[in-house]
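Me: Please examine the structure shown below and answer some questions on its salt bridges and helix packing.

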Amino acid sequence: MTFSEPILAAWLLIACGLISLTVVTLALIQRPWQALLADRGLQHRWLAASVAVVLLWQLRAQSVDWLTLHLMLTALMTLIFKAPLALTTNLLANLSLVVLGKAGWPLLGVNVLITGVIPIAITVSIWRIVDRYLPDNLMIFLFLCGFFGAALATLGTGLAGLGLVMLGAIDPEAVHLAKEYALFLPLLMPSEAFLTGMLLSVLMVYHPHWVATFNDHRYIDTK
């Protein structure tokens, strides 16, 4: 989901913008482009995936004038390329909405926060738990990180958007509409989870080295 019109208070837009700017800066400090420059194959995969995400984001359902629903694939990008490159892709996708006139500049920070920062944080947290505390089982990784992680990331995005509207909407009617939107979350979560899990399972079988968060030696070679 993304906001299409500025229905949030100015202070909230500024706060979300500062949070997003801080996180993006921290991601760029890690110099994710060094990995791209060192691996031509990774360049091609990341660029192709980023273009696919940008194009997919153009296919959106307009539930109300200020809110649109669409698949994000943020969890999938995080598992394949890790957080810094996934956040960069998310920033590019949100910038494309602004350039095409589908979202205003003041909403860039909000949209990056709810469609990038929050789902990436959820996905990374689940991956860390699976990686450190659970058995080295391929199906555990696939279902918890892929299917369950994507569904939970989508839920986090939806609840974050709902929370922002309830916290600082300038239109009282927006709060009611946002609560109605929450009813669509059970429909978005399985779609995001299925697509993420399906694509992740294909990559893990045929190109496991393409998935940066998946250690094929631990999960496959040692079995």
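Me: Which residue forms a salt bridge with Asp136?
Reply: This is a predicted model, in which local features need pLDDT of at least 70 and side-chain atom pairs count only at pLDDT 80 or more, while totals for chains, interfaces and linings use all residues. Residues are numbered from 1 along each chain as its sequence is written, and side-chain values use heavy atoms, with hydrogens and water left out. A salt bridge requires a side-chain nitrogen of Lys or Arg within 4 Å of a carboxyl oxygen of Asp or Glu. The closest N and O atoms here are 2.5 Å apart, and the partner of Asp136 is Arg218.

Me: Which residues do salt bridges that share partners join into one network?
Reply: Arg218 forms a salt bridge with Asp136, and the side chains of Asp131 and Arg218 also meet in one, at 2.7 Å from N to O. The network therefore consists of Asp131, Asp136 and Arg218.

Me: Is Asp136 buried, partly exposed or exposed?
Reply: Buried means under 20% relative accessible area, exposed over 50%, and partly exposed in between (1.4 Å probe, protein chains only). The relative accessibility of Asp136 is 27%, so this residue counts as partly exposed.

Me: Are helix 7 and helix 8 roughly parallel or roughly antiparallel?
Reply: Helices are DSSP runs (H or I, at least four residues), numbered from the N terminus, as are strands (E, at least two). Helix 7 (residues 138-168) and helix 8 (residues 172-181) pack at about 165 degrees, where angles run from 0 to 180 degrees between N-to-C directions of axes fitted to C-alpha atoms over the stretch in contact. Angles under 35 degrees count as roughly parallel, over 145 as roughly antiparallel, 65 to 115 as roughly perpendicular and the rest as oblique. The two helices are therefore roughly antiparallel.
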